[in-house]
Amino acid sequence: LAPSDVVLDIACGNGEGTSILAARCSRVVGADVSPEAIEEAGARGLPNATFEVQDGCALTYPAGSFTAIVSSNTLEHVGDDERMLRSFHLALRPGGRLILETPILRKRPFNFPLLTSHVREYDKDALVELLERAGFELELKYGMNRGIYLDWTRAREAVLVHARRTT
């Protein structure tokens, strides 16, 4: 991210990640579906950050409001993941970047998500297809094992992707 970026931190929770982004970017909006989380985040008093209750699947920002959207461990919790990604696409400026981290589906007995709060976890190829259908082009992709980022092909726990809004 660049100092001139205007960033949406989706599912910001208590604003911890938003505060890290605010130290590096000109303006950050932290958004979450929880009014309690937004109240707690707002108490941080960050001069270049605002906090708002928003549903990531139906963002109300004008088209092209952000140069970047950060979504960390959120997509796997929503019922309509493609709708959320299309909402992100609309809120991003053309060429804007989506930075997305999400768990991947591991081979376990019965092949279902590890956490009951996850609606799904992703096969890496299926995630790429989903992003492309929603109008994103992948620029960078990393895997993660035990909190360490590494080559995409070696991912066993999660993936981090940087994708650009196309069209």
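pLDDT is the predictor's confidence in each residue, from 0 to 100. This is a predicted model, in which local features need pLDDT of at least 70, side-chain atom pairs count only at 80 or more, and totals for chains, interfaces and linings use all residues. Residues are numbered from 1 along each chain as its sequence is written, and side-chain values use heavy atoms, without hydrogens and water.

Start by colouring by confidence: the protein has a mean pLDDT of 87, with 90% of its residues at 70 or more. Strand 1 (residues 6-10) has the highest mean, 97, and strand 7 (residues 148-151) the lowest, 74. Helices (H or I, at least four residues) and strands (E, at least two) are DSSP runs, numbered from the N terminus.

Next, select helix 2, residues 35-42, where Ala37, Ile38 and Ala41 are buried (under 20% relative accessible area; exposed is over 50%, partly exposed in between; 1.4 Å probe, protein chains only). Looking down the helix 2 axis, you will find these buried residues within an arc of 100°, so they line one face; the arc is that of the directions from the helix axis to the C-beta atoms. Glu36 and Glu39, on the other side, are exposed. Show strand 2 (27-32) and strand 3 (49-53) too: both are among what covers the buried residues of helix 2.

Now go to Ser71 in strand 4 (residues 66-72). Ser71 counts as buried, at 1% relative accessibility. Beyond its neighbours within four places in sequence, Ser71 is in contact (heavy atoms within 4.5 Å) with Ile10, Phe88, Ile99, Leu100 and Glu101.
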